[in-house]
Amino acid sequence: MPVRVRRRRGGSRPVLLIAATLLTCGALVCSLAPTLAAVVTGRVLLAVGSGAVTATALAGTARLPAARRPAALAAFGACLAGFSATAPLAGAAATHWSWRAALVLPVLSIAVIPLCWPLTVCLPRRERVDWPGAGLLAAIAAGLLLTAQTAAQQTGALTTASVAAITTAAALGLAARTRARRGGFLPRGILSTAWFRRAATAGAGVYAGLFAVLYAAPHLLTRQGYSTTEIGVLLLPGAVIAAVLARAAGRAVRRVAARHVLAAVSLLLAAALCYTALDPQPWAVAVATTAAFTASAIAQTLLTAETTTRAETTTRAGAGARGGAIGLLTLAIFIGGGSGTVLCAALWQPWQPTAALATAAILPAGAAAAAWCRLRTDALLYSADCSWLLRDSTPGPGNTPSRYAATSPRCWHRWAYACRRRRH
């Protein structure tokens with residue numbers, strides 16, 4: 001969310017500079033922190049900085065031409081899977097050196113800033129920022145996670161109800177402000193569309209499964225006598241497999257509908273979680289984590305492509321709408337991931353690992369259903385030709401939409417967008 005605020009005030013290039021500053025300051029604070037409060041402060045700075053780099057990379061990818069966007073998204077998904085799978089081993093190696101070294105690992109995000117720099121822009125004109133809208137959205141995100149956490153920890157019905165009531169009030173206030181104000185923090189017309197709700201549900205379900213297995217895998221393997229380094233080595237092959245499969249999925253959607261690919265990997269993740277719950281052998285845990293890394297990378301790639309294409313046709317507001325929609329999608333995805341961790345942690349002690357993982361498997365299964373339910377990131381999204389937007393008419397100079405297309409405002413918008421793309 002702070003990334004979008006800064007992008008509207010000066011473009012995405014200053015965001016990367018601020019992210020590098022935050023990462024450096026956070027690493028220094030964690031390295032020299034004398035108290036726990038200072039350590040937490042440094043970790044917050046590192047989290048904001050690394051998140052800013054990721055968000056800027058996604059927003060920059062959304063600005064690429066349609067012909068270059070698929071390859072960039074596929075590479076982004078492969079890098080995401082690779083870094084996620086190698087994180088346990090890197091953390092174990094850093095811990096053997098120093099616990100402070102393990103805390104500052106997010107500072108490695110600075111290494112990818114030069115790769116993201118060509119995707120950035122610097123806006124000469126600053127746009128006005130809807131600060132109250134940004135604050136309400138931050139309150140909603142924090143309230144959702146706090147509500148789930150207080151309910152899982154059984155801190156009391158009154159506390160849970162109070163947090164839920166405050167979150168609901170913030171949501172109602174943000175909805176009213178979005179309707180009454182043009183150019184607000186939330187892009188108008190995005191949250192009310194069915195495709196965005198399905199995309200957010202699918203992404204949240206996949207990431208809930210990823211975070212659940214990342215919580216469960218160390219516990220299960222530690223019970224079987226594995227050290228932290230051995231756990232990292234066991235999960236390392238998943239980095240290579242997930243990166244390769246994420247790149248292959250980008251090519252597969254040229255022949256197969258992307259909703260089928262996303263539904264298949266989501267079901268694979270759900271099945272791997274169920275099998276690990278029944279037979280938590282080391283190889284089963286490794287397969288489940290590999291499936292989780294693969295599914296999350298593919299979901300991020302395909303859903304970003306879906307959002308990038310549909311946001312412009314829905315709001316007709318250009319790259320700004322695309323960036324805002326991608327930001328909202330990322331927020332929904334990671335809120336879903338946090339709920340997966342909370343669910344698995346809450347059920348771990350009272351219901352044991354079997355029931356906890358089996359229950360968590362419901363979330364990626366729901367993601368598969370949401371992806372299958374008319375979530376269309378068609379294969380033609382990965383082509384510079386946009387005649388796919390209507391099956392019954394070919395857009396171009398002198399062409400007009402068919403009689404069927406003329407009866408649907410959505411088809412008119414898609415046809416007009418396709419003509420603009422053809423001209424450029």
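Q: Which residues in α9 meet Leu363, Pro364, Ala367, Ala370 and Ala371 in α15?
A: Arg198, Thr201, Ala202, Gly205, Val206, Ala208 and Gly209 do. Contact means heavy atoms within 4.5 Å. Helices are DSSP runs (H or I, at least four residues), numbered from the N terminus.

Q: What kind of model is this?
A: This is a predicted model: local features need pLDDT of at least 70, side-chain atom pairs count only at pLDDT 80 or more, and totals for chains, interfaces and linings use all residues. Residues are numbered from 1 along each chain as its sequence is written, and side-chain values use heavy atoms, leaving out hydrogens and water.

Q: At what angle do α9 and α15 pack?
A: About 155°, with the axes of α9 (residues 194–223) and α15 7 Å apart. Axes are lines fitted to C-alpha atoms, for helices over the stretch in contact, and angles run from 0 to 180 degrees between N-to-C directions.

Q: So are α9 and α15 roughly parallel or antiparallel?
A: Roughly antiparallel, a label for angles over 145 degrees.

Q: Which residues of α15 are buried?
A: In α15 (residues 362–372), Pro364, Ala367, Ala368, Ala370 and Ala371 are buried, meaning under 20% relative accessible area (1.4 Å probe, protein chains only).

Q: New topic. Where does Gln300 lie?
A: Gln300 lies in helix α13, residues 282–315.

Q: Buried or exposed?
A: Gln300 is buried, with a relative accessible area of 4%.

Q: What is Gln300 in contact with?
A: Leaving aside neighbours within four places in sequence, Gln300 is in contact with Leu58, Phe76, Leu80, Tyr207 and Ile333.

Technical notes: Helices (H or I, at least four residues) and strands (E, at least two) are DSSP runs, numbered from the N terminus. Buried means under 20% relative accessible area, exposed over 50%, partly exposed in between (1.4 Å probe, protein chains only). Angles under 35 degrees count as roughly parallel, over 145 as roughly antiparallel, 65 to 115 as roughly perpendicular and the rest as oblique.
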